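Take a moment to look over the sequence and the model.

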Amino acid sequence: MSQERIWQRFTFAERLSRFAVFLGFAVALSVSLRTVEIIPEFLLDAPTQIADLLKRMWPMDLAYYPEGIHHAMMETLHIASLGTLLCIILAVPVGILGANNIVRQPLLNWLSKLILVSSRSVNTLVWALLFVAVFGPGALAGTICIAFRSVGFVGKLFAEALEESDPGPIEALQASGAPWLSIFLKGYWPQVAPAFWGIFLFRWDINVRESAVIGLVGAGGIGMVLDTSLNLFFWDRVSVILLSIFTVVILAELLVTAIRKRII
Amino acid sequence: MSQQPVSPVRSLRVDRLYKEYTAGKPILSDISFEVSSKSSVAIIGPSGTGKSTLIRCVNKLIPPTSGTIYVSGENITDLHGAQLRRARRKIGMVFQEFNLVERLTVMENVLCGRLGYVSPLRAWLRRYPKTDIDMAFNLLESIGLIDFTRQRADSLSGGQRQRVGIARAIMQEPHVLLADEPTSSLDPKTSVEIMELLVSLTETHQIPLIINIHDVELAKRFTTRIIGIARGGIVFDGPPSELSNDHLQDIYGGENWLQ
């Protein structure tokens, strides 16, 4: 009766497999370190290079902001806002198509998934390169790029919010003989509205940051000014551009947080 | 109180209704009954006998396998699309979990009962016809929630929510009112109040009432007729006074619980 009882969190086989996983990680790390081919001289040189860069960036050429940066910065904000609006127009129908509690057609659900995944699987810069090729360099290419890139994100989250909505009120409206559009407007929409506006603001916030980058490949906005300054080694201008991007991103973040608090 | 009978008489007739989820295993078999104006019927039976299924077969939220359903004489069994929606307007429904749209106001929830009549555009713009709004105000007054018109549904208590649910169903001007366990989420006192409200509102509006309920005492107290369902079929149909312990044993099984 009074046998000694032993308790161990893991069985012998489990411990063995855990050790195998650790071993695998260690091997992968050492192999990848060899492929990166770090050149020791360049690595040791890095602090000196950074110090040199910072020295060139200071003092900042603040006078350049009104003449060269402000216009581009406004263009960036316009690209972000218009792109987000366009994305919403595209994403709402695709999201509804993807919600399997609203559209009970697996083929259509699958089609929506295909659209959403292809939007997300292509990087912003690649979308930008594509649309610069189509529309030529400038803000139009940037706006379309931002919209196409965001559809996947907004559409997926909107579809998920729709799928999570409570079926009870929907059943009640169905029982009252309401047509589909009324059920959507009075049953689904009130349930998903806070999520929808949350997604919208969050995506706008992301798009402000993304649209600052796409100018590097010619899709308009502050990125184009940054690219020019980098190519001409105007480091004191680069620092002003980086500072203004940083400021705008922080302000956008603060604004979004304040609005979200009010609507939810 | 002698009132002129409303013509045609509001009624529901269920004729030889069968429902099977898997072929050959009917959950409801050969259910037939008829109710007409100013009568309240309780459907009792153990959990899982298909009381909810029966009620949802009536308005075809769940399609019946076979059988016929008549609402005020109209056969609605084979209707689809817009015709089915028009038929559903005549069938009001009250739910166990109230099923209100939580983020809408009390008034908007009550007006949701008119969505079968009002176009989506008008509903979206909140331009409901004046008569609908008057009817909603009158109903809110009679259920005692006139001061809560502008409050959101999720700020109400359970009993208040069920009142709103009942008002929403009456707004449809239905020819029959189905209530699926309307008191199961409520405390005993509130349950009695909700039963009183259901019976009195359906009496004044001359709407036949059918209630799924598992509380036999409440059923006996508030309804004029009881239908007992067990093993998929009707095993009792009569006034509460005739419902004996033998019948209850037959419906629910066992006997110790009756002592």
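**Where the chains meet**

Two salt bridges are counted between chain B and chain A. Keep in mind that this is a predicted model. One of the bridges joins R56(B) to E171(A), with the closest N and O atoms 2.6 Å apart. E171(A) and R56(B) also belong to a network of salt bridges that includes D180(B). Five residue pairs are in polar contact between chain B and chain A. On the chain B side, α2 (81-88), β6 (91-94) and α4 (120-124) each supply at least two residues that touch chain A. α4(B) gives the most, with three residues.

Now take the whole interface. Here 27 residues of chain B are in contact with 18 residues of chain A. The area buried between the two chains is about 1900 Å², and carbon and sulfur atoms give 64% of it. In chain B, R103(B), L115(B) and P120(B) lose the most area to chain A, together 27% of what that side buries.

**Charged pairs within a chain**

Side chains of opposite charge can pair when their charged atoms come close. Over all chains, the structure has 21 salt bridges. One of them joins E160(A) and K156(A), at 3.3 Å from N to O. Both residues lie in helix α6 (residues 139-163) of chain A, four residues apart, about one turn of the helix.

Other pairs reach further along the sequence. K90(B) forms a salt bridge with E74(B), the closest N and O atoms being 2.7 Å apart. K90(B) sits in the loop between α2 and β6 of chain B and E74(B) in strand β5, so the pair ties together parts 16 residues apart in sequence. E102(B) bridges to R161(B), with 3.0 Å between the closest N and O atoms. This pair links distant parts of the chain, 59 residues apart: a loop between β6 and α3 of chain B, and helix α6 of chain B. E102(B) is partly exposed, at 28% relative accessible area. R161(B) counts as buried, at 17%.

Helix α5 of chain B runs over residues 130-142 and reaches 19 Å from its first C-alpha to its last. Which of its residues are buried? They are D132(B), A136(B), L139(B) and L140(B). These residues cover an arc of only 100 degrees around the axis, which puts them on the same side of α5(B). They pack against α3, α6 and α7 of chain B. On the other side, K130(B), T131(B) and E141(B) are exposed. Just after the helix, G144(B) takes a positive phi of about 75 degrees.

Definitions and conventions: Residues numbered from 1 in each chain as written. Chains lettered and ligands numbered in written order. Predicted model: local features only at pLDDT ≥ 70, side-chain atom pairs only at ≥ 80, totals over all residues. Heavy atoms only, no water. Expected span 1.5 Å × (residues − 1). Buried < 20%, exposed > 50% of the residue type's maximum accessible area, 1.4 Å probe, protein only. Arc of directions from axis to C-beta. Contact = heavy atoms within 4.5 Å. Buried area = accessible area lost by both parts, 1.4 Å probe. Salt bridge = Lys/Arg side-chain N within 4 Å of Asp/Glu carboxyl O. Polar contact = N/O pair within 3.5 Å; in protein donor to acceptor, adjacent residues only side chain to side chain.
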